[in-house]
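Here are my notes for a first look at this model. Please keep the structure open while you read.

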Amino acid sequence: MSSHTALVWFRRDLRLHDNEALVDACGADRVVPVYCFDPRDYCQQSYGGPDSFDVRKTGLHRLRFRLESVADLRSSLRDRGSDLVVRIGRPEAVLPDVATAVGADSVSMHTWPTPEERQVESAVQQALDDVGVEPRRFWGHTLTHPDDLPMDLGALPDTYTTFRKAVENDASIREPLHTPELPALPDSVPEPGEIPALSDLDEDVSNAVQAEDEPLASPNNEQATPSEQATPSEQAIPLFEGGETAGRERVESYIWEGDHLREYKETRNGLVGRDYSSKFSPWLNEGCLSPRYVQSEVERYEDVRVSNDSTYWLTFELRWRDFFQFQTAKHGGEFFQRSGIRNRTDIDWRDDDAQFDRWAAGETGIPFVDAAMRELNATGYVSNRARQNAASFLANNLRLDWRRGAAYFETQLVDYDPASNYGNWAYIAGVGNDSRDRYFDIVAQARRYDADAEFVTHWLPELADLPPEYAHEPWTLTDAEQADYGVQLGIDYPEPMVDLDASYEKLD
Ligand SMILES: Cc1cc2nc3c(=O)[nH]c(=O)nc-3n(C[C@H](O)[C@H](O)[C@H](O)COP(=O)(O)OP(=O)(O)OC[C@H]3O[C@@H](n4cnc5c(N)ncnc54)[C@H](O)[C@@H]3O)c2cc1C
C-alpha cells in the first residue's frame, strides 16, 4: 500500500484543538504543516472605486499578535515532533511548491465565506489542480456548522433575533475535536523557514508595511496628527499575547480563576479594565481559540458552578459572531458595499479628509468618541460600547462614508474580522442587518456608561481635573470655569468639530 502525505495549510485557524483541517491531514502517514505570510494581507489597499481611499490592511497590533500566534503554533508542533513550514509568499505559489517537493497528495485547509479569502482559495484550488494535488476544505470558525443550520444559506433571516431563535431551537453545536497525534514529517522535509520579525516585514512581506517606529498610519498617508505622535505604536502596551497557549490561559483566567462569567451580562458594557468582558475576540479571530471550545467551557462552567443569564449571554454574543459570518456567506460582496444589503441609495455619504483625520486621531472634541479612538490607536482593542459610539459618530453625525471608518478599524483592530467588522459598521450606518436607523445619543451614552468619567479621563488625561459632567461635555464650560479647571478649549482640548444636537436633527 502506498503511503500518503498531506499538507495542512494553517490560515486564521492557528490552533491544534478543534481543528478539522488538521485532524483530516493527520489521517495521512506523513504531514507537513504550512503557514504563508501572504503579501496581500500587509499591503496598502485602495477601496471604493472613484471615491477610493487607501488603507493598510493589517496594522501593527494585529501583525504583532499574528506573529506571536504563528510562533506559538510552531512551538506546539515542535513539542509534538512536527514543525511548521513558514513562507513569505502567496499561498497559490507556496502550497503547490511545497506539495511537489514532499510528494503530497492533498492539502487540508479551512474555508472562510468572505470575498477576498474566497478568491485566495480559488487560486489555491486552481494551482493545486494544476499539479494534481487534492484540496480538501473544512469550515471551522463558527459555533454552528453551516451544515447544521435549520435553513439553507439563501433563506437565512437578515435579522439577528429571527436567526438566533431558529438556531437556538433547531441547531445543535458540535463537540470540539481533540488534538490529533501528529504523524512524522516526510524525509524530504523542506527548510522550515524563519518566522519574520515585525521589523522584517517591511522589507520582506511588502514595501507597504510601515516600519515599527513610525507613528500609527494616518489613513491617507498624510502627516500624522499630534495625538498620533503622542501614541506611537511602540509605546502602546500590548494587551493581548497571540497564540493558542495564551488564548487558553485567557479562558482559564476569565471563566475559571476570575469567575467573571457569573456576572458577564452585568459587566459586559464596561469600558475600562481587563475583565468587564471576555476579551476572547483576538484569539477567536486569528483562530487561536475555537468558538466550540469556548462554548464547551461555558457549558462545563454551567454544570460545575452556575447557569444563569450571564452564561447564556456569552453564547448569545457568540451567535452574533456566527450571524455575521453566515450573512457574509449569503450576501457576498454586497455586504461590503456602501449601500449595503438594504441597497440604501438615499443616504448622501460625504467625503472630507480633514474631518476623517480628526475622527481617526481622537481629536473630534467629543470626549467619549475621542477616548474610544485613542484607546483603539494605542492598543488595537476598544470595548463594544465605545466602538458603537465612535462608529455612530462617523457614520451618523458626520455622515462620512462608513466604509472608510470600517477600513480604519480594519487596520487598527487586533480582533479584526471582515464579517464582524463590516457587519457591525453597516448595522450602525443603517445599511445593514436591521430595518431601523441606528444612531447613538453620544452624550447620553457617555453619562450612562461612564458616569464617573473614568474612561474619558483615562484616555484624555487633559480632562482629568474636570468634574464628570463637564468631562463629557467640556464645551459647556464657561470661560471662567475653563480658567478654574485649567482646561482651555481649543488649546488643551479641541472645540467640538460639530454641533451634536444639530447633527441629530438632520437625521430625523
Ligand atoms: C463598529 C464595530 C466594529 C466591530 N468590529 C469587530 C471585529 O472586527 N471583530 C470582532 O470580533 N468584533 C467586532 N465588533 C464586535 C464587538 O465589539 C467585539 O466582538 C467585542 O468588543 C470583543 O470583545 P470581547 O471578546 O470582550 O467581547 P465579549 O462581550 O466577551 O463577547 C464574546 C464574543 O462574542 C463575539 N461578539 C460579541 N459582540 C459581537 C458583535 N457585536 N458582533 C460580532 N461578534 C460579537 C466576539 O467574538 C466576542 O469575543 C465590532 C463592533 C462594532 C460596534
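1. How many residues surround the ligand, and which are the closest? The count is 28. Tyr264, Ser277, Ser278, Lys279 and Asn285 are the closest. Bear in mind that this is a predicted model.

2. Look next at the oxygen atoms of the ligand. An N or O atom in the side chain of Tyr381 lies 2.8 Å from a ligand oxygen. The backbone contributes too: a polar backbone atom of Phe280 is 3.1 Å from an oxygen of the ligand. For Ser281, a backbone N or O atom is 3.1 Å from a ligand oxygen. On its own, the ligand has 810 Å² of accessible area, and the protein covers 97% of that.

3. Where does the ligand sit? The space it takes is the largest pocket.

4. What is the make-up of the shell around the ligand? Its residues comprise 13 nonpolar, 9 polar and 6 charged.

5. Now trace the shell back to the fold. Helices H10 (281-285), H12 (309-331), H15 (384-397) and H17 (418-429) each give at least two residues to the shell. At the domain level, domain 2 (244-331) and domain 3 (353-507) each provide at least three.

Key: Residues are numbered from 1 along each chain as its sequence is written. This is a predicted model: local features need pLDDT of at least 70, side-chain atom pairs count only at pLDDT 80 or more; totals for chains, interfaces and linings use all residues. Side-chain values use heavy atoms; hydrogens and water are left out. A residue is near a molecule or strand if one of its heavy atoms lies within 4 Å of it. A polar contact is a pair of N or O atoms within 3.5 Å; within protein, one must be able to donate a hydrogen and the other to accept it, and residues adjacent in sequence count only if both atoms are side-chain atoms. Accessible areas come from the Shrake-Rupley method with a 1.4 Å probe; for residues, only the protein chains shown count as cover. On a 1 Å grid over the protein atoms alone, a cavity is a set of points where a 1.4 Å probe fits but cannot get out, and a pocket is an open set with protein on both sides within 12 Å along at least five of seven lines; lining residues have an atom within 4 Å of a point. A molecule sits in a cavity or pocket if more than half of its atoms lie within 2 Å of its grid points. Helices (H or I, at least four residues) and strands (E, at least two) are DSSP runs, numbered from the N terminus. Ala, Val, Leu, Ile, Met, Phe, Trp, Tyr, Cys and Pro count as nonpolar, Asp, Glu, Lys and Arg as charged, and the others, Gly among them, as polar. Domain bounds come from an automatic or database domain assignment.
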